[in-house]
Amino acid sequence: MLDQREMSKKMKSEAKIFDDRLESRIDELKWLYIELYHNDWMFAELLGQMGVFYGDREDALRKLDLDREAHPDWYKKNDKLGMMLYIDNFAKNLSGVKRKLSYLEEAGVNVLHLMPFLDTVSGESDGGYAVKDFRSVRSDLGDMEDLSDLTAACHRRGMCVCSDFVMNHTSDQHEWAKKARTGDGEYMSRYFFYDNDDIPKQFDATVPQVFPVTAPGNFTWIPEVNHFVMTSFHPYQWDLNYRNPRVFNEMIYNFLYLANRGIDIIRIDAVPYIWKELGTNCRNLTQVHSIVRMMRLITEIVCPGVILLGEVVMAPERVVPYFGTVEKPECHMLYNVTTMASIWHTVATRDVRLLKMQLDTVAGLPKEYIFLNYLRCHDDIGWGLDYGFLAQFGMEEVAHKRYLNDYFLGIAGYSNSRGETYNDDPSTGDARMCGTTASLCGIEKAGFEKDKEAMSRAIDLDVMLHAYMLMQSGIPILYSGDEIGQVNDYSYKEDPEKADDSRYLHRGKFRWDYEKKRHSAKSVEGRIFTRLRKLEKLRKEESVFLSDADVWTVNTADDSVLCVGRYYNGEKLYGVFNFSENEKTAWFDQAGGFRDLLTGKVTAMKEMKLNGYEFRLLKEETMPE
């Protein structure tokens, strides 16, 4: 225990740390805030509350802050592997997840990405993205004390925790929304209310619909107050009005509250949508960047061990503004959202040219830009591909989307996939695709048909795709169950609250009965788990996988074969991936010898025969005499 003198000294030292951080950033923070809100009083309130949240931050978290301030590249190393999971599906509740941390460690996971867990309304939650209370956990998952216990346990194991922060909207059952329904002008001003449809129609003329089939329109009529309210996503998700400084302040306080529960990575959901301007598409407006920049500054002052992850659903070259600049950074990391769609397009076409072009684009971005890469996530696969590029190969948008969906439904292109469409729009023929990695790779079909040869081929495809993901710079993220080849769960059709949403096809409960087979060399689970662990360990051991390595692609003379090069500090590695189920021959003209990290054999990179879905990881070394 510290005596009174030591305690006073400690408090003064901590106060100085906060004051120094604030002093170095307050000019820009104030300039941005006053430019947006013209309200000195609200800015003063914000500063006062930042001090309160800093004072409430636990000693262990402050120590993490100092450690990470001293090593600002801590999240950019090659030792990070994430896993995305739903708490209830994985282990019933937060305490259950805590008891399963040993399994996650064995799987190599040190970034735990928790899907939405805050209090919401059953049946109208959009998978947890309609938040009823930003400071309460869903009662079936535990409480805030359980969350703090879990994050502390993760920190003791060297793991960090990521969670969502839904900024664009609240549930219509949120306290603010309930008060707005009574006609309280203070709370109506926190949303976008209109007493007739004149302005809503003007918005609709320029603002695209997010879910034109399942939730058409951008406004919902609220009979209790005879007003329309803006609802960009679903009628039960009311868009917040960030023109109101009270909204910004209160949401920042919620943000800091989560940070003080031990969350290390805060994912800003739907960040391009958060500022609305009549006459625009209400996407990616300048004010959005001012808000994100302020969030970055506030984080650096109060809790610099926390990093911002932006969810921006656009191509990598178009999301770049959300990184900010070197002098004025915004998000620390962004999702590489095009990777998922482009990978599955490549699987269906056996054509790597789009993937190669996008890799070249990403490789041309500054190395400070860190992406999260994944094969599958909780959401559907939307076919937002570069159709201008694909058109030169005869892949026209409407017809190609239809082919892709038919392929992953298992009815076209010699497919072995098993998936289901989502948000099918009959008027345009457009739809998105759902399914687990394993089922989309053919593991479900091969298992049902008891076809051993088809199973081996499907496992090879599954592992090859993960190897490609691990080859990219940034942080690779697994979706829970992928490490054991978990297939689609069709039980969602029996649940009235889920039956109309095919995304629950790949959101099934984690199969702990199958997980027990992960050490069996004969089981599907063991064959996938063991091979993935070997790849993940190689990634952590080899410095060429650091995010600041040089990356480029190499021509292979075969459109089914992709070759990616990485170079760091005198070491060079090539990853060669055959996206076809057939044997292919790739041609190279690389001098010297290369050791295959998977087999240990040394070979030349000249004529290279690859079996279907085979890949090689080749590290340059001197050929033996």
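Predicted model: local features only at pLDDT ≥ 70, side-chain atom pairs only at ≥ 80, totals over all residues.
## Helix 2 against helix 12

Helix 2 covers residues 40-56, and helix 12 covers residues 286-302. The two pack with their axes 10 Å apart, at an angle of about 40°. That angle makes helix 2 oblique to helix 12. The crossing of helix 2 past helix 12 is right-handed.

On the side of helix 2, the residues in this contact are Leu 46, Met 50, Phe 53 and Tyr 54. They meet Ile 298, Ile 301 and Val 302 in helix 12. Sorted by class, the contact of helix 2 with helix 12 holds 7 nonpolar residues, no polar ones and no charged ones.

## Helix 11 against helix 12

Helix 12 also packs with helix 11, which is made of residues 245-259. The axes of helix 11 and helix 12 come within 12 Å and cross at roughly 45°. Helix 11 and helix 12 are therefore oblique to each other. Helix 11 passes helix 12 in a crossing that is right-handed.

Helix 11 makes this contact through Phe 248, Ile 252, Phe 255 and Leu 256. From helix 12 come Ile 291, Met 294, Met 295, Ile 298, Thr 299 and Val 302. The contact of helix 11 with helix 12 has 9 nonpolar residues and 1 polar residue, with no charged residues. Ile 298 and Val 302 of helix 12 take part in the contact with helix 11, and both also meet helix 2.

## Met 50 and the nonpolar cores

The largest nonpolar core has 181 residues, and the members that touch the most others are Met 50 and Tyr 242. The element that gives the most to this core is helix 20 (residues 452-471), with 13 residues. Apart from this core lies another one of 12 residues, including Val 554, Tyr 574, Phe 594 and Met 605.

## Helix 14 against helix 17

Helix 14 (residues 337-349) packs against helix 17 (residues 397-409) at an angle of about 80°, and their axes are 10 Å apart. The two helices are therefore roughly perpendicular to each other.

In helix 14 the contact involves Trp 344, His 345, Val 347, Ala 348 and Thr 349. These meet His 400, Tyr 403, Leu 404, Tyr 407 and Phe 408 in helix 17. The residues of the contact of helix 14 with helix 17 divide into 7 nonpolar and 3 polar, and none is charged.

## Two tyrosines with positive phi

Tyr 414 is not a glycine, yet its phi is positive, at about 55°. Tyr 414 sits in the loop between helix 17 and strand 15 (420-425). Because its relative accessibility is 78%, Tyr 414 counts as exposed.

Tyr 613 also has a positive phi, near 60°, in a residue other than glycine. The loop that holds Tyr 613 runs between strand 22 (602-610) and strand 23 (615-621). Tyr 613 counts as buried, at 7% relative accessibility.

Val 352 lies in the loop between helix 14 and helix 15 (353-363). With 4% relative accessibility, Val 352 counts as buried. Not counting residues up to four places away in sequence, Val 352 touches Thr 346, Asp 559, Ser 560, Val 561, Leu 562 and Phe 579. Leu 365 is found in the loop between helix 15 and strand 14 (370-374). Leu 365 is buried too, with a relative accessible area of 16%.

His 289 belongs to helix 12 and counts as buried, at 17% relative accessibility. Residues up to four places away in sequence aside, His 289 touches Asn 284, Pro 321, Tyr 322 and Glu 330. His 289 and Cys 331 are 42 residues apart in sequence, and their C-alpha atoms are 9.7 Å apart in space.

Key:
Residues numbered from 1 in each chain as written. Heavy atoms only, no water. Axes fitted to C-alpha atoms, helices over the stretch in contact; angles between N-to-C directions. Helix = DSSP H or I, 4+ residues; strand = E, 2+ residues; numbered from the N terminus. Parallel < 35°, antiparallel > 145°, perpendicular 65-115°, else oblique. Left-handed = near helix turned anticlockwise from the far one by under 90°. Contact = heavy atoms within 4.5 Å. Nonpolar A, V, L, I, M, F, W, Y, C, P; charged D, E, K, R; others polar. Core = buried A, V, L, I, M, F, W, Y, C linked by side-chain atoms within 4.5 Å. Buried < 20%, exposed > 50% of the residue type's maximum accessible area, 1.4 Å probe, protein only.
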